[in-house]
Amino acid sequence: MQLILQQLINGLSIGAVYALIALGYTMVYGVLRLINFAHGDVYMVGAVIGYFLAEWFTKAHYPAYITLPVIFLGAMLGCAILGFFIEFLCYRPLRKRPRLVVLITAIGVSLLLENLFQNPAIFGPTPRTLPHLFDIHPVISFHVGSSPRPVVINNLDLTSFCLSVFLMILLTWFVLRTKLGLALRAVSFRVDTASLMGINTDLVISATFILGSSLAAVAGVVDAMRYQVEPLMGLRQGIKAFVAAVLGGIGSIPGAVLGGLIMGLVETLLKGSILPSEYSGYSDAASFFVLILILLLRPSGLLGKTAPEKV
């Protein structure tokens, strides 16, 4: 029981990060019907920016309560600018072209970012560890039953989960309660009709990329504190987040959150509780099996809605 509860806590922390990345996929798809395969690499850029900022602030001996907010805000700003230019330079000129052309362009942007950051002059192929920012000591620990080992919630798990939940709530408020959010929903329903009603569709689409890229940056910094930073880290996490978006129902913001949490929970429970230790490497494959199973039963995803294709 203690082990399962510990894995549930770990799964929620990891799943919240998947959900942040998945939100970028689902927002862009909801507006443009485009799978932005470069989104995982935007997450990677956020981690790299966080690494360089953490290095600089650590050498300058700034306290953690100043360093952490600046790192997150700096990574969000950098990725927001990157997301804007990806849309403006790569996708906007191809908006009226066949979707296959845009899809290939997205893959090209992904490969460009990965190879660009493998250049030693920018970052290099060697994985690097983020400087130590705060103590990863338990902030909450409690025993379950007569188990001698306590269930532990450390600073990193608590920070990643609370920050992710806060940003998801903030995004939901923005989409449902602001004028730009209303415009975003109108554009997602039908771009040409929204344009005829006086909505600046270019502004709305750019805002979608900026928001999604900012959320990916937060996920990148959180994972940089948890794992190592390297130019190909966006491949694995990007694919998992895309699966989470499809699992929940791509185009649905609540679906992306639900899909991310399910992916995190399935992965950690299989790895730490259900599968024997020698088979723990198959937890990723099992997560994709869950996706296939759900799509066989519900092709639109858990919270997705079947809708006619836009023309």
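## A loop glycine

Gly198 is found in the loop that runs between helices H7 and H8 of this predicted model. Its relative accessibility is 67%, and because exposed means over 50%, Gly198 counts as exposed. From C-alpha to C-alpha, Gly198 lies 9.9 Å from Ala183, a residue from which it is separated by 15 places in sequence.

## Overall fold and confidence

The protein has 11 helices and 2 strands, and, read from the N terminus, the order of its elements is α-α-α-α-β-β-α-α-α-α-α-α-α. Of its 311 residues, 47% are buried. When contacts between residues at least 6 apart in sequence are considered, 74% of them join residues at least 24 apart.

The mean pLDDT of the protein is 85, and 89% of the residues score at least 70. Among the elements, the highest mean pLDDT, 93, belongs to helix H8 (residues 201-226), whereas the lowest, 65, belongs to strand S1 (residues 138-142).

## The nonpolar core

The largest nonpolar core holds 76 residues, of which Leu23, Tyr91, Met225 and Val229 touch the most other members. Helix H1, spanning residues 2-32, gives the most to this core, with 13 residues. Once neighbours within four places in sequence are set aside, the contacts of Leu23 are Met168, Leu171, Leu215, Ile253, Ala256 and Val257.

Phe72 has a relative accessibility of 10%, and because buried means under 20%, Phe72 counts as buried. Ile81, at 43% relative accessibility, counts as partly exposed, because this value falls between the 20% and 50% limits.

Not counting residues up to four places away in sequence, Phe72 touches Leu163, Val218, Val221, Val222 and Met225, and Met225 is also one of the residues that touch the most other members of the largest nonpolar core. The C-alpha atoms of Phe72 and Gly46 are 8.7 Å apart, although 26 residues separate the two in sequence. For Ile81 and Ile210 the separation in sequence is 129 residues, while the C-alpha to C-alpha distance is 7.0 Å.

## The second largest pocket

Two or more lining residues come from each of H1, helix H3 (64-91), helix H4 (99-117), helix H7 (191-196) and H8. Sorted by class, the lining has 11 nonpolar and 11 charged residues, with no polar ones.

Arg33 lies in the loop between H1 and helix H2 (39-59). Phi of Arg33 is near 55°, which is a positive value in a residue other than glycine. Most residues other than glycine have a negative phi. With a relative accessibility of 25%, Arg33 counts as partly exposed, because the value lies between the limits of 20% and 50%.

Technical notes
Residues numbered from 1 in each chain as written. Predicted model: local features only at pLDDT ≥ 70, side-chain atom pairs only at ≥ 80, totals over all residues. Heavy atoms only, no water. Core = buried A, V, L, I, M, F, W, Y, C linked by side-chain atoms within 4.5 Å. Buried < 20%, exposed > 50% of the residue type's maximum accessible area, 1.4 Å probe, protein only. Helix = DSSP H or I, 4+ residues; strand = E, 2+ residues; numbered from the N terminus. Contact = heavy atoms within 4.5 Å. pLDDT = per-residue confidence, 0-100. Nonpolar A, V, L, I, M, F, W, Y, C, P; charged D, E, K, R; others polar.
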